[in-house]
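Trainee: I would like to go through the terms used for this model and see what each one rests on.
Mentor: Then ask about them one at a time.

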Amino acid sequence: MKERLQKILARAGYGSRRSCEEFISAGRVRVNGRVASLGDSADPEVDKIQVDGRPIQASEPLVYVALYKPRGVISAVSSPDPRPTVRSLVDVTEQIYPVGRLDVDSEGLILLTNDGDLANRLTHPRYGHEKEYRVLVARRPDEEQLNTWRRGVVLEDGYRTQPVQLLVENPAGKGIWLRVTMREGRKRQIRETGTLLGLPVVKIIRVRIGSLRLGNLKPRQWRHLTPQEVKALRSEGKRPPVKKRTPRSPK
């Protein structure tokens, strides 16, 4: 039976559907020798499907790995950048991919898996799964700065961020640690928000993705998820999408 190509690739362990769409758009996928286009369908039982010239494999055993990504490591499987990638830190034979990203200067929890359906659910903005960070800022914020961050700010590109949960934790020299919990993750959103509010961000550590926690992992350490953790993530992945609020028209 024919299915969308990105769904087939995700099920075969090539990452989330969105990352598989990027493979297709980049011309890395062929079906029966022809370069595939976004929107194409195929039958994996009949058609010859290749990624980077290699036939896709039958579905591998599902693997779920939690990694503490250090600073200076790229959230990718491969990169032209000479710096190490998260995939290079995890010694498993299966083809696993990072779920979501952390910028190269940030650190903390990354989930890697070949469960494409779960990856799609956990990364798609419409499902609004929580991500929690410890954030060190260089200055002590006042209440106005904290409340503005909580309500949401307008970034330089005009995007208004959603409200976040923000708690003040421990002082650190002239700065202070904050705990930020959010349901979106635009590129460098925390750093840009801090800059706009006059609170330069010194360090970011992601400590939670949904129900999955960083725990006692140290930088570069990784572990397999427990069956209970996988079950909890799958339950979150089945939640209905978050409905966006429709602003009321002025009377």
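**Terms and their grounds**

Mentor: In helix H2 (residues 17-25), Cys-20, Phe-23 and Ile-24 are buried. Buried means under 20% relative accessible area, exposed over 50%, and partly exposed in between, with a 1.4 Å probe and protein chains only. Helices are DSSP runs of H or I with at least four residues, strands are runs of E with at least two, and both are numbered from the N terminus. This is a predicted model, in which local features need pLDDT of at least 70, side-chain atom pairs count only at pLDDT 80 or more, and totals for chains, interfaces and linings use all residues. Residues are numbered from 1 along each chain as its sequence is written, and side-chain values use heavy atoms, leaving out hydrogens and water.

Trainee: How do you know that the buried residues of H2 line one face of the helix?

Mentor: Viewed down the axis of H2, they fall within an arc of 95 degrees, so they line one face. The arc is taken from the directions from the helix axis to the C-beta atoms. Glu-22 and Ser-25, on the other side of H2, are exposed.

Trainee: What covers the buried residues of H2?

Mentor: The cover includes helix H1 (5-11) and strands S2 (29-31), S5 (49-51) and S8 (97-99).

Trainee: Why is Ile-205 called buried?

Mentor: Its relative accessible area is 10%, and the limit is under 20%, so Ile-205 is buried. Ile-205 lies in strand S13 (residues 201-209). Leaving aside neighbours within four places in sequence, its contacts (heavy atoms within 4.5 Å) include Tyr-68, Trp-177 and Leu-214.

Trainee: What makes a set of residues a nonpolar core?

Mentor: They must be buried Ala, Val, Leu, Ile, Met, Phe, Trp, Tyr or Cys, joined through side-chain atoms within 4.5 Å. The largest such core has 30 residues, and Leu-112, Val-135 and Trp-149 are among those with the most contacts inside it. Strand S12 (175-182) is one of the elements that give two or more residues to this core; S12 gives the most, with four. A second, separate core of 20 residues includes Leu-118 and Val-207.

Trainee: Which residues line the largest cavity?

Mentor: The lining consists of Trp-149, Val-153, Thr-161, Val-164, Met-182, Gln-189, Ile-190 and Thr-193. Helix H5 (residues 189-196) gives the most to this lining, with three residues. The volume of the largest cavity is about 30 Å³. A cavity is a set of points on a 1 Å grid over the protein atoms alone where a 1.4 Å probe fits but cannot get out, and lining residues have an atom within 4 Å of a point.

Note on methods. On a 1 Å grid over the protein atoms alone, a cavity is a set of points where a 1.4 Å probe fits but cannot get out, and a pocket is an open set with protein on both sides within 12 Å along at least five of seven lines; lining residues have an atom within 4 Å of a point. Grid points are joined across faces, edges and corners, and a volume is the space filled by probe spheres set on the points.
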